[in-house]
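The structure comes before them.

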Amino acid sequence: MVYIRTEIRMARMARKASNLYVPTEPKLAFVIRIRGMSGVSPKVRQVLQLLRLHRIFNGTFVKLNKASMNMLRIVEPYTAWEYPNLKSVNELIYKRDYGKISKKRIALTDNALIVPPLGKYGIICVEDLIPEIYTVKRFKEANNFLWPFTLSSPRGGMKKKTTRFVEGGDARHREGQINRLIRRLN
């Protein structure tokens with residue numbers, strides 16, 4: 001939340017001083033698997049497993065760095081991804097949140113379930129988990145605790161899974177439209 005306010009304040013200050021403000025690169029992406037496994041090369045299959053995208057319409061958060069960007073390029077024809085806003089992160093975690101508690105998928109119905117695995121990092125409730133994911137501070141611990149999101153098939157269906165988004169399809173980088181897709185899948 002503070003991060004967004006800082007970005008807006010910096011842009012306004014630059015505009016007021018007749019300067020140009022270049023915002024920082026996004027650090028978080030949400031990746032959704034939209035295609036199956038038939039005819040997939042072993043390298044692509046391995047990267048999908050590393051991203052924890054085992055089934056169609058599974059989604060997960062990914063911290064963006066050079067290695068993860070290369071992984072996203074490898075699996076681009078099988079996924080849709082983009083930088084989510086805070087509202088989408090909030091909706092996903094509150095509606096479809098499951099935690100990994102002693103290697104089991106447990107619905108997070110109570111904040112007491114979050115304290116044993118994440119309490120040592122200062123995350124004691126769902127309200128603490130959302131900013132940790134969005135600002136990518138304690139991302140590794142928080143994201144490993146979360147089970148990959150199992151999303152519904154989209155309302156209205158998919159246009160064309162095999163074609164790039166910029167060509168009228170659904171695959172690859174969504175050009176700012178991932179939040180709309182998340183709402184259709186959620």
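This is a predicted model: local features need pLDDT of at least 70, side-chain atom pairs count only at pLDDT 80 or more; totals for chains, interfaces and linings use all residues.

Q: Is Thr79 buried or exposed?
A: Thr79 belongs to strand β3, residues 79–82. The cut-off for buried is under 20% relative accessible area. Because Thr79 has 0% relative accessibility, Thr79 counts as buried.

Q: Which residue points the same way from β3 as Thr79?
A: Ala80 and Glu82 point one way from β3, and they are buried. Thr79 points the other way, together with Trp81.

Q: How far does the backbone oxygen of Val75 lie from a polar atom of the side chain of Thr79?
A: A polar contact is a pair of N or O atoms within 3.5 Å. The backbone oxygen of Val75 and a polar side-chain atom of Thr79 are separated by 3.1 Å.

Q: Which elements give two or more residues to the lining of the second largest pocket?
A: This pocket has a volume of about 260 Å³. Its lining has 15 residues, with Phe61, Val62, Lys63, Phe139 and Asn143 nearest the centre. The elements that give two or more residues to that lining are β2 (58–63), α3 (66–74) and α7 (139–145).

Q: How many residues of the lining of the second largest pocket are charged?
A: Seven of the lining residues are nonpolar and five are polar. The number of charged residues is three.

Conventions:
Residues are numbered from 1 along each chain as its sequence is written. Side-chain values use heavy atoms; hydrogens and water are left out. Helices (H or I, at least four residues) and strands (E, at least two) are DSSP runs, numbered from the N terminus. Buried means under 20% relative accessible area, exposed over 50%, partly exposed in between (1.4 Å probe, protein chains only). A polar contact is a pair of N or O atoms within 3.5 Å; within protein, one must be able to donate a hydrogen and the other to accept it, and residues adjacent in sequence count only if both atoms are side-chain atoms. On a 1 Å grid over the protein atoms alone, a cavity is a set of points where a 1.4 Å probe fits but cannot get out, and a pocket is an open set with protein on both sides within 12 Å along at least five of seven lines; lining residues have an atom within 4 Å of a point. Grid points are joined across faces, edges and corners, and a volume is the space filled by probe spheres set on the points. Ala, Val, Leu, Ile, Met, Phe, Trp, Tyr, Cys and Pro count as nonpolar, Asp, Glu, Lys and Arg as charged, and the others, Gly among them, as polar.
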